[in-house]
Number of protein chains: 2
Amino acid sequence: MSDILQKFLAGDRLALSRLITLVENQSEKLPEIMSEIHKHLGKAYYIGITGPPGAGKSTLVNRLIAQGRALGKKVGVIAIDPSSPFSGGALLGDRIRMQDHASDEGVFIRSLGSRGAHGGVSRATRDVVRLMDAFGMDWVLIETVGVGQTELDIMEIAHTTVVVLTPESGDTIQTMKAGLLEVADVFVVNKADREGADKILHELKSMLEMSHPHGWEIPVLKTQAFQNVGIAELAQTLEAHRVYLSGSAKLQDKLLALRDTELEEALEETYRRHLKAWISQVPHAEKYREKVLSGEISAYEGASQIFPLLQGPKRPA
Amino acid sequence: MSDILQKFLAGDRLALSRLITLVENQSEKLPEIMSEIHKHLGKAYYIGITGPPGAGKSTLVNRLIAQGRALGKKVGVIAIDPSSPFSGGALLGDRIRMQDHASDEGVFIRSLGSRGAHGGVSRATRDVVRLMDAFGMDWVLIETVGVGQTELDIMEIAHTTVVVLTPESGDTIQTMKAGLLEVADVFVVNKADREGADKILHELKSMLEMSHPHGWEIPVLKTQAFQNVGIAELAQTLEAHRVYLSGSAKLQDKLLALRDTELEEALEETYRRHLKAWISQVPHAEKYREKVLSGEISAYEGASQIFPLLQGPKRPA
């Protein structure tokens with residue numbers, strides 16, 4: 001085992017930080033690292049926090065860190081920068097606020113970029129979550145903005161997903177139904193001292209009544225993260241969901257689906273890495289590639305011609 | 001050639017609509033359809049319109065449609081619904097506003113969902129753009145929200161990309177530099193009658209001066225789309241960029257890169273489609289898959305064991 005992995009397993013924070021950087025840079029050593037740490041996984045509880053910009057997610061995460069610490073938990077945080085550079089501004093302040101915990105050895109916070117094609121963000125997030133798990137964190141908080149496809153993919157690894165809204169989110173509830181019901185295990189109406197809090201609470205509850213029950217009744221909590229109100233109740237609800245999951249087949253189903261996806265993605269990634277070299281080794285395939293590049297035939301047609309030619313031209317080393 | 005394709009090529013709008021639905025549903029017939037229409041491509045000019053929520057993109061698109069029609073152009077529009085269901089609300093109104101052109105045979109507007117993993121949106125967008133091209137549209141406008149990775153991917157097919165901002169976007173310019181400079185061929189400051197318009201105009205121009213020139217000097221225009229101000233100038237600028245592109249190697253480079261990506265994606269897609277069946281045909285591979293599913297080994301390790309076993313177990317039919 002390499003030096004850095006040994007230090008990592010001995011609790012060296014710098015080693016953790018360096019391994020996360022390797023994940024971000026999609027290092028070639030990644031398969032080896034993730035396979036090495038695999039046997040140290042499974043102790044941490046993964047909590048996703050998502051919701052629209054301005055819902056106060058970072059403040060809530062900040063409070064949850066403090067709550068977790070008070071309960072004696074070691075807490076890792078992964079903040080996924082918004083995929084849109086447009087919304088970058090406001091978040092810088094939030095990141096800085098999280099520095100409250102910068103000197104606490106029981107807390108490790110890391111921001112991950114959201115750029116990168118082909119599901120790169122969700123793969124990187126999963127790997128970092130696991131690094132924090134293997135490092136010995138009890139809670140791993142994953143903060144994302146919005147619930148687009150990327151966010152839904154990211155949240156696949158969370159045991160429990162908290163969707164944070166505000167009284168101002170009321171108008172958009174109708175349109176976001178589908179996406180939110182898919183991921184939410186807990187709803188939080190933050191900034192609950194503002195006008196309209198009860199209205200959105202009521203709307204969420206009606207919406208949830210119409211959805212089909214699946215063993216866990218999705219709670220709707222009120223918080224005022226800035227004033228530290230409702231955080232202890234949220235932590236209790238998270239614990240309740242954790243207990244619920246451990247006794248249900250749902251977690252096992254979730255894990256199976258996730259591992260299946262991950263295996264598929266890792267195989268595709270391997271295929272992609274070999275593709276260019278393989279095509280160049282098969283003259284017939286190269287000829288079709290050139291026809292695609294020149295615009296003579298469509299990419300679809302090229303692929304249908306090239307694919308069978310690539311089966312077994314050379315086994316990977 | 002199938003009945004629907006014949007009707008499509010004869011100018012039947014219902015056939016176009018049905019083919020777009022096949023694209024959205026990732027029909028198995030897609031490779032055949034896209035290969036069939038391939039020889040009818042290349043006449044349309046693809047224009048991307050992107051920017052933050054609330055910048056007035058839909059209104060601008062609405063005005064550009066009218067401008068294009070006045071110039072005798074047939075105009076296709078693809079509006080990519082925001083990946084976040086959170087921002088869905090405001091857009092419904094915009095969609096309805098576009099119905100101004102609903103009865104005009106020279107206009108075809110279609111909204112595309114943005115859900116779907118693995119670059120599904122950008123692939124679907126490219127296919128729909130091409131359907132509109134082959135159908136005989138002169139302009140194809142592609143409207144997306146934000147400039148996250150998904151939007152950058154989508155914009156790869158646009159000949160010209162317009163980034164729309166407002167005076168209120170000023171604060172976030174610093175953070176969005178990277179993403180915007182990559183894609184913008186033209187900047188538009190919309191709602192230019194509002195306070196701060198000159199400030200953001202100046203900031204954009206300073207920012208552009210610091211970037212490296214590459215033949216085309218990125219213009220910064222002012223518009224008031226709602227009042228129909230500045231639209232004719234925008235159309236002229238688009239035409240100028242089109243002329244610039246046709247005489248430069250840049251378009252050819254862009255096309256080559258795009259076709260290369262598309263071929264790669266089509267091959268990966270084919271590989272993915274065969275994966276499950278192949279694994280089940282190779283007992284050794286199936287054994288490793290089960291180890292991944294049970295959590296005994298990591299997905300990375302499973303993939304490294306399975307990949308070599310799958311090379312050429314059975315050629316695709």
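Just after helix α4 of chain B, G72(B) adopts a positive phi of about 85°. The model is predicted; local features need pLDDT of at least 70, side-chain atom pairs count only at pLDDT 80 or more, and totals for chains, interfaces and linings use all residues. Residues are numbered from 1 along each chain as its sequence is written, while chains are lettered from A and ligands numbered from 1 in the order in which they are written.

Helix α4(B) covers residues 57–70. Helices are DSSP runs (H or I, at least four residues), numbered from the N terminus. From first C-alpha to last, its 14 residues reach 20 Å. That is close to the expected 20 Å, taken as 1.5 Å times one less than the number of residues.

Of the 14 residues of α4(B), 10 are buried, so the helix is largely enclosed by the rest of the structure. Buried means that 20 or more other C-beta atoms, placed from the backbone, lie within 10 Å of the residue's own. Among them are K57(B), R63(B), L64(B) and G68(B).

Now turn to chain A. Here the axes of α4 (57–70) and α10 (231–246) come within 10 Å and cross at roughly 70°. Axes are lines fitted to C-alpha atoms over the stretch in contact, with angles from 0 to 180 degrees between N-to-C directions. R63(A), L64(A) and Q67(A) of α4(A) meet I231(A), A232(A) and A235(A) of α10(A); contact requires C-beta atoms, placed from the backbone, within 7 Å.

Notes. Helices (H or I, at least four residues) and strands (E, at least two) are DSSP runs, numbered from the N terminus. Two residues are in contact if their C-beta atoms, placed from the backbone, lie within 7 Å. A residue is buried if 20 or more other C-beta atoms lie within 10 Å of its own, exposed if 12 or fewer, and partly exposed in between; C-beta atoms are placed from the backbone.
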